[in-house]
Structures are given as C-alpha cells and as structure tokens.
Amino acid sequence: MTPESGRPRVRVEFPAMTAGQNAAAATGEAAPNEAAVGEAVLQGREAAPSRAVAGGGEAAALRPVDGVALVTIDRREAMNAIDRATMEQLVEALERLDGDPTCRCVVITGIGDRAFAAGADIREMSEQTAASIAATGGFQRWDRIAQVATPLIAAVKGYALGGGCELAMTCDMVVAASDAVFGLPEVRLGVMPGAGGTQRLTRAMGKAKAMELILTGRNLSAVEAEAHGLVSLLVPRAAVIASALALAETIAAMPPLAVRAAVQAIDQAAELPLGEGLAAERKAFYALFETEDQKEGMRAFLEKRPADWKGR
Ligand code: CAA
C-alpha cells in the first residue's frame, strides 16, 4: 500500500467564480482571490447555488460557471504524473461528463502550481515490457480521450511534459500560464513520445520544430509554445483557471450541436486531405440545418433577442 492508494487521483467539480474573477479572466488580470479558484472555491452540483468566499478583504458572492466541469489531476507528490490508476479515473470522469447533457465544456488541470502533469509515471513505466503495456490497454484509454465530443480545455500551470504535454495537445484548446513549460523529453529516458506526441506536435508546429524538440528533449516556454501554435490563450499564472473557466463558459453558452460539429470538423482538418475535409465540413453544415437550434439562432438574430438553445 502506497500513501496515496485508495485516494482519488482525479477530482471532478462544478466550479463557481466571483464577478471579480470573471472580469479578471476577461482582461487577463489576476483577481485578488484568484489563487483560491481551482483549489478551494469550488462547489459540488448539489451545493447551494452561491456562497460567500473570503478574498481581497471582502466576502464575494460566488455563482456557478454554467455548463462547465473542472477535472483536476491530484497527484501532487508525483508532479501529477499519470499512472494507470490516474488514467483510468480520468477516462471514467470524462466519459461520464461526455454523457451528461448539462455539461457543455470541460476544463482539465493539475493540482497545485508546479505541474499540469509531468508525464506518464516513470516509476510505474520502468517495470513494464512491450507486452505488459499492450496488455493493459493504456493507449486505448488515450484514444478514448481524443474521442470525447464535449470540448476539452487544458489549463496548464507549471510543467506539461511527456504524457502531460500529450494530454494538453489531445484537448481541443490550451490555456497556458506565463510560467507553463511544455516538452516531450521521452528520448532522454530511452524511449519516444507514445501518446500522440510525434503526431500532434508535428501537426501543431511543423516538422522542423517538432524534430528539434523531440530529438533533444528540450523544454519550451509558454511564450515559445504560443508562438508555435500550441496555446490558445497565454495568461498570467494567477489567472489561468479563471481564464479557462471563462472561456469554457462562453463555449458552454453556445448551441451544443453546432459546437460539437465544429470541433469534429476542425479535428478533421489535421487528418483528411483538403477535398475530403471540405466535403465533411459541408455535410456537417447541411446537417445543422436540420436542427431546431439553427431555426432558433437565425430567428433570434432577426428578432434581436438572445437565442434559447435546445441542443436539438
Ligand atoms: N513520473 C513519476 N514521478 C515523477 C515524474 C514522473 N513523470 N515527474 C516527477 N516525478 C516525481 C519525482 O520522482 C519526485 O518524487 P520524489 O519526491 O518521491 O523523489 C517528485 O515528483 C518531484 O519531482 P522532482 O524532485 O524531480 O522535481 P524538480 O522540480 O526537480 O523537477 C521535473 C521537476 C522537471 C518535472 C522533473 O520531475 C522531471 O523531469 N520529471 C520527468 C519528466 C519526464 O521525463 N516526463 C516524461 C515521462 S515519459 C512519458 O510521458 C511517456 C509518454 O509518452 C506517455
């Protein structure tokens, strides 16, 4: 029995934010009590819809972040390294949220300030053989994350290395703190990226940069990662969770069928030749004209009122 056995390695919460944090996220500034968001200022779905939290001197009312779940990898003692149990719990949590129609966007982060996730668990991996890796079905779990239809946002503080970087790249968007560090250092361990890193980094940055980074195992600053197309939003460290939640809430307020169709089409841009990608886009576009939300969205625009999305 290790000290962490029995303790959940992944937490799912339905977060709440103060108005100040929301405004701070919009401007990229840190709100006075932002440090508490993602760590303590969270409430379960059953909890009261708002409560007071001490911060910046005054108690501020919290409101739920509509349609958004926050999933936190909780292995602080190992820099949130992803062992088999963590991966199983992560996939189980994401599958549950993907089947929940009230959850429209998910933010994934790591506990604490030091790491989003420092990779697959090297201690556990060091004992493995090719046969044992194949037998545990670990990579099928990684594939399942890529298949989650609900938009996923990685909120990265500190290290996102190896499998941690691959998890961030598997998400649909990355919100990075200014101190975030990305990298695929697997060659230094005598292996290579195995959870999509060679493919997703190359698609994001191009062959020249991917070769340099993967063959040397060099880490990448958040600024460099953003410049090379790995990061959607770069924000101050103290604003990263609030910014990711605010982005998630904006997406969660959009018509869900249109959002899911767009996510799928954008993903196909990296997988299909242009002609096939354009044909897939057109098919999805036509399909949306068969939805109630298309009628409602266009009617609401013409009637100058907010749309009431049904997800149908
Ligand atoms: N697996 C297991 N444990 C890890 C870990 C990992 N990936 N990363 C960090 N830890 C553990 C350390 O062993 C250490 O534990 P102890 O206190 O029990 O010794 C603890 O976390 C703190 O780490 P450090 O003392 O090393 O902290 P640091 O600040 O000096 O360095 C770091 C931080 C740069 C992230 C460093 O820990 C590091 O280089 N980690 C490994 C990164 C890596 O190589 N990742 C790739 C893994 S392979 C992979 O992911 C394969 C794949 O494609 C799926």
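Which exposed residues does the face of α8 turned away from its buried side carry? That face carries Ala208 and Leu215, as the view of α8 below sets out.

The model shown is predicted: local features need pLDDT of at least 70, side-chain atom pairs count only at pLDDT 80 or more, and totals for chains, interfaces and linings use all residues. Residues are numbered from 1 along each chain as its sequence is written, and side-chain values use heavy atoms, with hydrogens and water left out.

**View 1. The two sides of helix α8.** Helix α8 comprises residues 207-216; helices (H or I, at least four residues) and strands (E, at least two) are DSSP runs, numbered from the N terminus. Its buried residues are Ala210, Leu213 and Ile214. Seen down the axis of α8, these buried residues fall within an arc of 90°, so they line one face of the helix; the arc is that of the directions from the helix axis to the C-beta atoms. An α-helix has 3.6 residues a turn, so residues three or four places apart point the same way. The exposed residues Ala208 and Leu215 are on the face turned away from the buried side. Buried means under 20% relative accessible area, exposed means over 50%, and partly exposed lies in between (1.4 Å probe, protein chains only).

View 2. Strand β5 spans residues 68-73, and six of its six residues are buried, so the strand is largely enclosed by the rest of the structure. Val68, Leu70 and Thr72 point one way from β5, whereas Ala69, Val71 and Ile73 point the other way. Two strands pair if DSSP finds at least two bridges between them. With strand β1 (residues 10-18), β5 pairs in the antiparallel sense over four bridges; with strand β6 (residues 105-110), β5 runs parallel and is joined by six bridges. Leu70 of β5 is the bridge partner of Glu13, and the bridge partner of Leu70 in β6 is Val107. Together, β5, helix α2 (residues 84-98) and β6 make a right-handed β-α-β unit. A crossover is right-handed if, with the strands pointing away from the viewer, the path from the first strand over the helix to the second runs clockwise.

**View 3. Salt bridges.** A salt bridge is a side-chain nitrogen of Lys or Arg within 4 Å of a carboxyl oxygen of Asp or Glu, and by this rule the count comes to 23. Side chains of opposite charge can pair when their charged atoms come close. Arg75 forms a salt bridge with Asp83, with the closest N and O atoms 3.7 Å apart, and both Arg75 and Asp83 are buried. In the pair of Glu13 and Arg11, the closest N and O atoms are 2.7 Å apart. Glu13 is buried, with a relative accessible area of 15%, while Arg11 is partly exposed at 22%. Arg305 forms a salt bridge with Glu303, the closest N and O atoms being 2.8 Å apart. Both of these residues count as partly exposed, Arg305 at 31% relative accessibility and Glu303 at 45%.

**View 4. Two residues with positive phi.** Most residues other than glycine have a negative phi, and most peptide bonds are trans. Phi of Asn80 is near 55°, a positive value in a residue other than glycine. Asn80 lies in the loop between β5 and α2 and counts as buried, at 1% relative accessibility. Lys304 also has a positive phi, near 55°. Lys304 is found in the segment after α13 (292-302) and counts as exposed, at 77% relative accessibility.

**View 5. A nonpolar surface patch.** Ile122, Met125, Leu189 and Val191 make a nonpolar surface patch of about 350 Å². Patches are made of residues with over 30% relative accessible area and no salt bridge: like charges are joined within 9 Å, nonpolar side chains (Val, Leu, Ile, Met, Phe, Trp, Tyr) within 5 Å. Leu189 lies in the loop between β11 (181-183) and α7 (197-205) and counts as partly exposed, at 48% relative accessibility. Accessible areas come from the Shrake-Rupley method with a 1.4 Å probe; for residues, only the protein chains shown count as cover.
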